[in-house]
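Welcome! Open the viewer, and let's take a short walk through this protein, one selection at a time.

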Amino acid sequence: MHAAFITLAPYPIRAGSHGNTAFACLLGLDYARTAADTALQFAIRKAAKKWYGSDRDAPLAYEPSLDDFLSPALVEALLMQEVLEPADFGTWLRHFLPGGLGPLAEPPVVTDRSDPKQSHLDGLCLSRAWCLAALGLQEPAEVHLAAAMPHVVGGDYVGEHWLASFAVLALSAAALRTP
């Protein structure tokens, strides 16, 4: 994540896969905090507010797509939690998810874990668990975690070679929220 890209990009990428800008900004923000890169932190905060600040009524019915290993709505919500003050985030979230989590509360159906696209859905469960736990929504986070964890190891290579990295995100967020 480079500050110049963030500053110059007129729109975010809202895909549920690699290019998702909110996901990149979350990872970039974590890096920027660790590296004390205040310019990058500022650029991410400013861009996130510009790109997502006026978002309303997230199109939850569009999730999941068979290509998704990220929830566009949840990674956006998590980023906004990171860049807004708590009271402002609460207001933003009520407008963004006015009907609650809807279909995001239920893990997606996976019928063939040897299919590279369907294996994305186990990753989606793990990334949803990460976001949900970080947002303080422990019960649906645990449901998603339970659905995906049995498939992190001992399965087909198409999922096994990358699912562990998403399991770490999910388990780390869950551990941070556990009292």
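Predicted model: local features only at pLDDT ≥ 70, side-chain atom pairs only at ≥ 80, totals over all residues.

Now colour H4, which gives the largest share of the lining, three residues.

Next, zoom out and switch to a cartoon view. You will find eight helices and zero strands. With a radius of gyration of 16 Å, close to the 16 Å that the globule rule gives for 179 residues, the protein is as compact as a globular protein of that length. Its C-alpha atoms fill a box of roughly 45 × 35 × 35 Å along the principal axes, and 46% of the residues count as buried.

Now go inside. The largest nonpolar core has 53 residues; select Val 75, Leu 79, Met 80, Leu 126 and Trp 130, the members that touch the most others. Helices that each supply at least two residues of this core include H2 (21-34), H6 (116-134) and H8 (157-177).

Stay with Met 80 and show its surroundings. Beyond its neighbours within four places in sequence, Met 80 is in contact with Ala 48, Lys 49, Tyr 52, Gly 53, Phe 89 and Trp 92.

For the last stop, select H5. Which of its residues are buried? They are Phe 89, Gly 90, Trp 92 and Phe 96, and the buried residues of H5 pack against H3 and H4.

Definitions and conventions
Residues numbered from 1 in each chain as written. Heavy atoms only, no water. Core = buried A, V, L, I, M, F, W, Y, C linked by side-chain atoms within 4.5 Å. Buried < 20%, exposed > 50% of the residue type's maximum accessible area, 1.4 Å probe, protein only. Helix = DSSP H or I, 4+ residues; strand = E, 2+ residues; numbered from the N terminus. Contact = heavy atoms within 4.5 Å. Rg over C-alpha atoms; globule rule 2.2 N^0.38 Å.
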